[in-house]
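Q: I am new to this model. Please show me how to read a few of its features.

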Amino acid sequence: MKKLKSANLYKEACRYLVGGVNSPVRAFKSVGGSPKFIAKASGSKIYDVDSNKYIDYVCSWGAIILGHAYPKVVSEVKKNLKNGSSFGAPTILETKLAKLICKVFTSIEMVRLVSSGTEAVMSAIRLARGYTSKSKVIKFAGCYHGHVDYLLVSAGSGAMTFGKPNSEGVLADFTKHTIVLPYNNIDILKDTIKKYHSEIACLIIEPVCGNMGVVLPKEGFLKEVEKLCKQYKIILIFDEIISGFRIAKNGIQGLYGIKPDITCLGKIIGGGFPLAAYGGRKEIMQNLSPIGSVYQAGTLSGNPIAVTAGLKTLEILLEKDEYKSINNKTKILCTALKENARKSGIDITINQIGSMFTVFFTNLDIFDFESANKVDAKFYRRYFHSMLNEKIYMPPSQFEANFLTFSHTWDDIEKTVTANKKALKSLWSGGKNINHKGKNYEFRKYL
Ligand code: PLP
């Protein structure tokens, strides 16, 4: 594979950009090697500066769902760009987008548009605190909600912990009101809420987690979370920044029949541009300025070009309604990947929902942060490079999700399965672990 141009550009980037990138995971730190510099993308493919063409499963970390440079979105953006790129004053487009979000998400009566997922989450929590006049926030270990100071906290092991900063620069004073709980553990949640409910403003959750790799809620978990929040008057915030308009048009809440008080959306709703939103019940949302006393603002909030791309994307998504087909394609891909691993004698667990999935090389169930961390991420590192060699662009970290778009074809699926077969073969051809005189020799770790 040609890689000289990317390598040289990365060297130069590292002189001027911190770590050569503008968001850490792009630097390939957890898989090693140097990142590919992308020249262009179209449909399900991305092309690097060395003219390598890859089938893309990163899809801008889930922001792209129709496919890259989707022609109708591109032409709408071009058309509206001629009218100016930012006014700092209201436009018709913002109301249209908000109206469409309210129509699809029945839990949302009013919306505020912002520019990033981090901003949506930070503002939603401020709103919840303002509305309830309470201080504490429950979050789950392994769920990522952007780089909000008081959510950058370390996870405890299998228990409730008060947040300790996991980034330099975050003061313990900021995180002391954050309670971190294990995902999928209803008993610990119940105990915590019983003890602290009078101080808890809100609970924020990725209803399907994409940020410790894909981790699904156990049966009944989300319903129980909803029930407890209602019972103890805790604002339930669903962070559907990944799952909204992806798993189903109305996200996980639509799929599971849950009505959170506030929902955060991002990624897909910007059609590849910087746009996010939070919205919920009118009674809560009206506490925001300029009507209420919770302050939040943004120079580029509701930027007309980002809204154009987002609105067009959502209109096409709703019109095409191809969720069944993309979800089915993803399921078939995952089944084939599992079958390849089984034939190669490699342990594998694939967590999949809708058009997102993560491959874990283990025979254990992955259902929370602790179990995800038991996985041999070194094996993934080798797998990632073997797949990249076969021109399949998967996330450069074990703890991220793969995404499909409506533009991924059956041909892409077939090529991915073939590449996966070759990659696994190159990594391991020794059959199952050897069990000799009662001792299990895990030769895989030596690969
Ligand atoms: N919430 C979730 C679930 C995310 O996956 C992310 C980013 O990946 C964020 C929030 C933060 O969004 P952004 O990167 O746009 O700030």
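Q: Is K329 buried or exposed, and which side chain of opposite charge is nearest?
A: Some ground rules come before the case. This is a predicted model, where local features need pLDDT of at least 70, side-chain atom pairs count only at pLDDT 80 or more, and totals for chains, interfaces and linings use all residues. Residues are numbered from 1 along each chain as its sequence is written, and side-chain values use heavy atoms, with hydrogens and water left out. Buried means under 20% relative accessible area, exposed over 50%, partly exposed in between (1.4 Å probe, protein chains only). A salt bridge puts a side-chain nitrogen of Lys or Arg within 4 Å of a carboxyl oxygen of Asp or Glu; Lys and Arg count as positive, Asp and Glu as negative, while His and the chain ends are not counted. K329 is buried without a salt bridge, and E322, the nearest side chain of opposite charge, is 6.8 Å away.

Q: Over the face of which residue does K329 lie?
A: A charge sits over a ring if NZ of Lys or CZ of Arg is within 6 Å of the ring centre and within 35 degrees of the ring normal. K329 lies over the face of W410, 5.3 Å from the ring centre.

Q: How many aromatic pairs are there?
A: Rings of Phe, Tyr and Trp (its six-membered ring) pair if their centres lie within 6.5 Å; planes under 30 degrees apart are stacked, over 60 edge-to-face, the rest tilted. The whole structure has twelve aromatic pairs. Y323 and F406 have ring centres 5.8 Å apart and planes at 85 degrees, so this pair is edge-to-face. Both Y323 and F406 are buried. Ring pairs also join F361, F379, Y380 and Y383 into a cluster.
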